[in-house]
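The sequence and structure are shown first.

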Amino acid sequence: MQTAPLRDTKAFRTGVRIPPQDADAERALLGSLMLNPKGMHQVVDIVRPESFYLDRHAEIYRVMQDLFSKGEPIDLVSVTSMLRERGLLDRAGGGSYLAELSNMVPSAANLEHYAGIVHKKFALRQLIRTS
């Protein structure tokens, strides 16, 4: 499995250190939502698009939230289509990256755990920014 390179896309650095983040947890959360769209009920109050460190993941999650709020399916076809309509598909990594997200997660059972990790890392970045 090929994963996206980790880049500091937010241009937020403290010295030479990369701020707290977990790209694997972000990918696992997004992949879990593709496998279990009803899981959005469990995470919508915990995770926001801004919670993601990688911009591509924030864009993907924002689309998932929009689909969820419209009552539309959160799946590979719908997410890809909406990203394409918004001109964000390439920025989000393309269709193959989206397919990779759903294929990398063996089960969506740990959805809340992944959301907790993403939220925790976001909270730590916020603390660093305010200090």
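How many aromatic pairs does the structure hold? The structure holds one aromatic pair, where rings of Phe, Tyr and Trp (its six-membered ring) pair if their centres lie within 6.5 Å. Phe52 and Tyr61 form this pair, at 5.1 Å centre to centre and with 45° between the planes, which is tilted; planes under 30 degrees apart count as stacked, over 60 as edge-to-face and the rest as tilted. Phe52 is buried at 0% relative accessibility, and Tyr61 is buried with a relative accessible area of 0%.

The model is predicted, so local features need pLDDT of at least 70 and side-chain atom pairs count only at pLDDT 80 or more, while totals for chains, interfaces and linings use all residues. Residues are numbered from 1 along each chain as its sequence is written, and side-chain values use heavy atoms, with hydrogens and water left out.

**Helix packing**

Helices (H or I, at least four residues) are DSSP runs, numbered from the N terminus. The axes of helix α1 (residues 23-35) and helix α3 (residues 55-69) come within 11 Å and cross at roughly 25°. Because of that angle, α1 is roughly parallel to α3. Axes are lines fitted to C-alpha atoms, for helices over the stretch in contact, and angles run from 0 to 180 degrees between N-to-C directions. Angles under 35 degrees count as roughly parallel, over 145 as roughly antiparallel, 65 to 115 as roughly perpendicular and the rest as oblique. On the α1 side, the contact (heavy atoms within 4.5 Å) is made by Ala23, Glu26, Arg27, Leu30, Leu33 and Met34, and on the α3 side by His57, Ile60, Tyr61 and Met64. By class, the contact of α1 with α3 has seven nonpolar, one polar and two charged residues. Ala, Val, Leu, Ile, Met, Phe, Trp, Tyr, Cys and Pro count as nonpolar, Asp, Glu, Lys and Arg as charged, and the others, Gly among them, as polar.

The axes of α3 and α4 come within 10 Å and cross at roughly 110°, which means that α3 is roughly perpendicular to α4. Here Glu59, Ile60, Val63, Met64, Asp66 and Leu67 of α3 meet Ser78, Val79, Met82 and Leu83 of α4. This contact of α3 with α4 has seven nonpolar, one polar and two charged residues.

**Buried residues and loops**

In α4, the buried residues are Ser78, Val79, Thr80, Met82 and Leu83, and they pack against α1, α3 and α5. Helix α5 (residues 94-104) has Gly94, Tyr97, Leu98, Ala99, Glu100, Leu101 and Ser102 as its buried residues; their cover includes α1, α3 and α4 (76-85). Gly87 follows α4 and has a positive phi, near 70°.

Leu89 lies in the loop between α4 and α5. Not counting residues up to four places away in sequence, Leu89 touches Thr80, Leu83, Arg84, Gly94, Gly95 and Leu98. Pro37 is placed in the loop between α1 and α2 (40-43).

| Residue | Relative accessible area and class |
|---|---|
| Leu89 | 13%, buried |
| Pro37 | 29%, partly exposed |

Leu89 and Arg56 are 33 residues apart in sequence, with 9.2 Å from C-alpha to C-alpha. For Pro37 and Asp75, 38 residues apart along the chain, the C-alpha separation is 7.4 Å.

Key: Helices (H or I, at least four residues) and strands (E, at least two) are DSSP runs, numbered from the N terminus. Buried means under 20% relative accessible area, exposed over 50%, partly exposed in between (1.4 Å probe, protein chains only).
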